Amino acid sequence: MLNFDSVFRRDSADAEAALLAKPRSPLAWLRSPEVVAPVCVGLLFLLVWELGVRLSGVPPYLLPAPSAVLQTMIEDWGELLPALWVTLQVTIVAFGVAVVSGLLIAILFTQSRWVERSFFPYAVILQTTPIVAIAPLIILWVRQIVPGDGSTFVAMVICAWIVAFFPILSNTTLGLNSTDHNLINLFQLYRANPWQTLLYLRLPSAMPYFLGGLRISGGLALIGAVVAEFVAGTGGTRTGLAYQILMSSFNLQIPRMFAALLMTTGLGVLIFVVLTLASDFLLRHWHESAVQREN
Amino acid sequence: MNPSPAFTLSNVSKVYSNGTTALHDLNLAVSEGQFVSLVGPSGCGKSTVLRIIAGLGKMSAGDLFWGGTSQRKLAYVFQEAALMPWATVQENVRLPLKLAGVSRRASEAAVREAIALVELKGFENAYPRELSGGMKMRVSIARALVTKPQVLLMDEPFGALDEMTRSKLNSDLLDLWSQKQWTVIFVTHNIYEAVYLSNRVVVMAARPGRVVADIPIDAPYPRDQEFRTSALYNAYCRDVAHALAGAVGTASEVSSPINSQASSTSTMFGSVA
């Protein structure tokens, strides 16, 4: 069963106990304090914003009212939705490549200490180089190799991958190296081959770490995709949300800029929620992070 | 009838890479079907002996000879249950067979039998976190039994459990042992447990780890709760306690002039600092 409560989990044990006391109907989580409290704060904030804009008469090109943003979003939906789709595609492809490459390289690292020693510092360098600074280079190089419209897409995927890749690599490496020592001895005792040890012991042990890495990477892949598009700027026919934000700000269409911004943030939150649900689902039987407790 | 030897450790020494001598010139011959307890102060190398028998650690000098049984027919129960938290009881118990390449269907009966032996029927699909400490230990024992071992190595298996659970598991273990006639090497620091279970208690001393006393417990099996209150039992416990006190005394003479565990530990830390 998917566990919606835990997405909004707080550290307070009381709140969690209160949650557990309720019957777990599919809509029960909507009434839980974890949902009601932040929604109330959000609504209050929007109300103050709306009233403030209306009463003070701030022009919409400085600060549009929430109602104006919503109206723009509906009116421009035909352009914003394809932009969202492009950004989502870049994010998903980059994230997928980051997951596969991060996992495989982490496995490679734990097979040989020498490989890890030799290459890990370069993974760190890749992570600490500001993506904004190297994005123009990447775009330039990719244009030499991939001709036509596809080049921007590929360049954006590469930028998003660079940002998203490291948390998965470093978390999974840590996880693969923190296997219970007694279990390693046990596998040795029963003469498990390296493949069995990896498949039945190291990978399952690393699972919580890997999933933690996924949650960080999901958001980072989106940020990478947006940053890359900011740098790539114009050019190409398929443009994403970053392009919409950029163009709207040039044309002083601030309500539209807010609408695109809101969609970007919403996408980020959605990615986080989906990955958290997936993580809780996969770990529901055994890991402390996903186990519901009454005390 | 003279029982055949299960294995013999002869002049075994173990020196760790940091120079610590864990074992020095240790001799131990164990016959098939014996229940041998190893008792001794912390750091006397009890666990090291088990690891060497299991082939998990190399010895620096000496030999290990196997008699009728072979190293392949042994099972190891660790101090912690060491279960895979992501797998059910059934899957945890199946692990040794799975690693040996036995198919799921072929291992079914053996897994069911091992779970029944440790009285965990009905918990096949439970996850370790849903079990108590004692039940986790039972799963760990079931996993050891599933390969039908001839030699069972147990490293303080009940050390972390409460007294009630420990005594229940003790008598269950004895029942199983009398049915299956394994050779058991049981490491513990609990004298009463050692005397109750074993037909032989080997007392070890630390720094360097060596055997200082080998006390046969000539009391008939089955041993019930009555035995735990008998004069014979108490006499044996006293013997082992005496030997152990001597072992702790000599250990301290070797390492430091002050006769206490705590002070020898602090000397160790002092030398590091």
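Does B:Val49 count as buried or exposed, and how many C-beta neighbours lie inside 10 Å of this residue? In this predicted model, B:Val49 has 29 C-beta neighbours inside 10 Å and therefore counts as buried, the cut-off being 20 or more. The residue belongs to helix α1 of chain B, which covers residues 46-54. Setting aside the neighbours within four places in sequence, B:Val49 makes contact with B:Leu23, B:Leu26 and B:Leu38.

The buried set consists of B:Lys46, B:Ser47, B:Thr48, B:Val49, B:Leu50, B:Arg51, B:Ile52 and B:Ile53. After the helix comes B:Gly55, which has a positive phi, near 80°.

We can now turn to the nonpolar cores. The largest one holds 80 residues, and the members that touch the most others are B:Tyr76, B:Ala142, B:Leu153, B:Ile185, B:Val203 and B:Val240. Helix α4 of chain B (residues 133-145) supplies the largest share of this core, namely 6 residues. Another core, of 55 residues, lies apart from it and includes A:Val90, A:Trp161, A:Ala206 and A:Ala228.

Chain A is next. Its secondary structure comprises 12 helices and 0 strands. Of its 295 residues, 34% count as buried. Among the contacts in chain A that join residues at least 6 apart in sequence, 77% link residues at least 24 apart.

Two helix pairs of this chain, both involving α10(A), can be described in some detail. Helix α8 of chain A (residues 150-177) packs against α10(A) at an angle of about 155°, and their axes are 7 Å apart. With angles over 145 degrees counting as roughly antiparallel, α8(A) and α10(A) are therefore roughly antiparallel to each other. The crossing of α8(A) past α10(A) is right-handed. By class, the residues of this contact divide into 24 nonpolar, 9 polar and 2 charged.

The second pair joins α10(A), residues 194-232, to helix α12 of chain A, residues 254-282; here the axes come within 10 Å and cross at roughly 165°. By the angle between them, α10(A) and α12(A) are therefore roughly antiparallel as well. In this pair too, α10(A) passes α12(A) in a right-handed crossing. On the α10(A) side, the contact is formed by A:Met207, A:Leu211, A:Leu214, A:Arg215, A:Gly218, A:Gly219, A:Leu222 and A:Val226. These residues meet A:Thr264, A:Leu267, A:Gly268, A:Ile271, A:Phe272, A:Leu275, A:Thr276, A:Ser279 and A:Leu282 in α12(A). The contact divides into 10 nonpolar, 6 polar and 1 charged residues. An α-helix has 3.6 residues a turn, so residues three or four places apart point the same way.

Finally, the two chains meet each other. In this interface, 14 residues of chain B are in contact with 15 residues of chain A. The side of chain B that touches chain A has 12 nonpolar and 2 charged residues, with no polar ones.

Definitions and conventions:
Residues numbered from 1 in each chain as written. Chains lettered and ligands numbered in written order. Predicted model: local features only at pLDDT ≥ 70, side-chain atom pairs only at ≥ 80, totals over all residues. Contact = placed C-beta atoms within 7 Å. Nonpolar A, V, L, I, M, F, W, Y, C, P; charged D, E, K, R; others polar. Core = buried A, V, L, I, M, F, W, Y, C linked by C-beta atoms within 7 Å. Buried ≥ 20, exposed ≤ 12 C-beta atoms within 10 Å, placed from the backbone. Helix = DSSP H or I, 4+ residues; strand = E, 2+ residues; numbered from the N terminus. Axes fitted to C-alpha atoms, helices over the stretch in contact; angles between N-to-C directions. Parallel < 35°, antiparallel > 145°, perpendicular 65-115°, else oblique. Left-handed = near helix turned anticlockwise from the far one by under 90°.
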